[in-house]
Amino acid sequence: MTLKDLARQLGLSPTTVSRALNGFPEVAEATRLRVCEAARESGYHPNMQARRLATGRAMAIGHILPMAPEHDLVNPVFADFIAGAGEIYALRGYDLVMTLVPAQDEEAAYRAMAAKHNVDGVILHGARQNDPRPALLRSLGLPFVTHGRPPASSETDLWVDAHHEAAFEQLTALLLDQGHRQIAFINSPDPLQSSAYRRTGFERAFLARGLEVPRLYMVAGEVSDETGRDAAAEMLSWEQRPSAFVTASLMAAMGVRRAVEDTGHVLGRDISVVTWDDELSFVSNRGLNPLYTTMKSPIREAGQRAAQMLIDRIETPEIAQSPLLIEPALLMGHSIGAWNG
């Protein structure tokens, strides 16, 4: 099917269809969605070589992944983010260029991408504390969107993030309101800026009530089942064990549940657990009777929004955009109960 065939099928002009597929702002959103859906159903794909010649663009988006624990390819959070971004790339006619490099070579990899002109922009994964990458990309003239909210950024920088501070303050407040005071916090790795926001939210819930923050029970590590299990097993062996846990991922919460059951306790009765949920495709806390009480924010949607934002910046840089802070949603489950000590 050609562009003209698709336009004829929809009763639109080829120009309108082309502009809709390429995200031009003057096309109504309803029309754009209708055109994109028809293109997907009919299997239409734009002539990429023609688009490259016509626009002078590479028609590709770069993702550089440093080989470090917080950027592991087997991390399902990354996989679902890429899946969401990939959906938008396919709709807008862009390829995905992924480069895996040792952490110490990350800056050189960005410089090489800019020098080779093989991508039109990049998505930065995992905003970090004292992150040097945004300034580097600005100096290289390479458009970018950061997945994660930097602690400080240029007025023109774009990012997509969930509101981690508010989410973890609300999760912790739920436990405090149930009478818990010895609350453990299993956070994500410290270099990530999201970890700092989560820690701030956790602490704010205590400080807002005039309570001392239980720093003895605060740990950080890879977001995995093993990390959750090991940390919880250690703390549950203490004489002053925690009565509740806040975790930075559903996987860590599952590990905590294993430790709770291994020590003969009952989740939600003896030990409470609340957690963050990225709504990963391979593991679910949905349904009529969710087990875990969570703050949920779909990581796949974050990938979609970041990709859309970046392509819009590449194609229509003159149009102002704003960063996106996504508000998570509370889901009550059976993993929380009143303190019974």
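## Contacts, strands and rings in a predicted model

In the protein chain, residues 24 or more positions apart account for 70% of the contacts with a separation of 6 or more, where contact means heavy atoms within 4.5 Å. This is a predicted model, in which local features need pLDDT of at least 70 and side-chain atom pairs count only at pLDDT 80 or more, while totals for chains, interfaces and linings use all residues. Residues are numbered from 1 along each chain as its sequence is written, and side-chain values use heavy atoms, with hydrogens and water left out.

Along the principal axes, the C-alpha atoms fill a box of roughly 70 × 45 × 35 Å. Of the 341 residues, 51% count as buried, that is, under 20% relative accessible area, with exposed meaning over 50% and partly exposed in between (1.4 Å probe, protein chains only).

### Around strand 4

Strand 4 has partners to describe, and two strands pair if DSSP finds at least two bridges between them. With strand 3 (residues 121–125), strand 4 pairs in the parallel sense over four bridges, and I123 stands opposite V145.

### Nonpolar cores

Next come the cores, each a set of buried Ala, Val, Leu, Ile, Met, Phe, Trp, Tyr and Cys residues joined through side-chain atoms within 4.5 Å. The largest nonpolar core has 42 residues, and Y89, V160 and F245 touch the most other members. Elements that each supply at least two residues of this core include helix 5 (76–92), strand 5, helix 10 (225–236) and helix 11 (250–262). Helix 12 gives the most, with eight residues. Leaving out residues up to four places away in sequence, Y89 touches I61, H63, Y94, L96, I123, A307 and I311. Apart from this core lies another, of 20 residues, among them F185, A244, V274 and W276. In soluble globular proteins, nonpolar side chains tend to be buried together.

### Aromatic rings

Rings of Phe, Tyr and Trp (its six-membered ring) pair if their centres lie within 6.5 Å; planes under 30 degrees apart count as stacked, over 60 as edge-to-face and the rest as tilted. By this rule the count comes to five aromatic pairs. Two of them are set out here.

| Pair | Centre to centre | Angle between planes | Type |
|---|---|---|---|
| F168 and F185 | 5.9 Å | 55° | tilted |
| F185 and F202 | 4.7 Å | 15° | stacked |

F168 lies in helix 8 (residues 164–177) and F185 in strand 6, so their pair ties together parts that are 17 residues apart in sequence. F168 and F185 are buried, and both F185 and F202 are buried. One aromatic cluster is formed by F168, F185, F202, F206 and W276.

Charges also meet rings here. A charge sits over a ring if NZ of Lys or CZ of Arg is within 6 Å of the ring centre and within 35 degrees of the ring normal. The charged end of R198 sits over the ring of W276, 5.4 Å from its centre, and R149 lies over the face of Y197, at 4.0 Å from the ring centre.

### Two loop residues

N118 is found in the loop between helix 6 (106–116) and strand 3. N118 counts as partly exposed because its relative accessibility is 28%. Neighbours within four places in sequence aside, N118 is in contact with A58, A60, V97 and M113. The C-alpha atoms of N118 and M59, which are 59 residues apart along the chain, are separated by 8.4 Å.

E279 lies in the loop between strand 9 (272–277) and strand 10 (293–296). E279 is buried, with a relative accessible area of 17%. With neighbours within four places in sequence left aside, E279 is in contact with D80, R286, K296 and P298.
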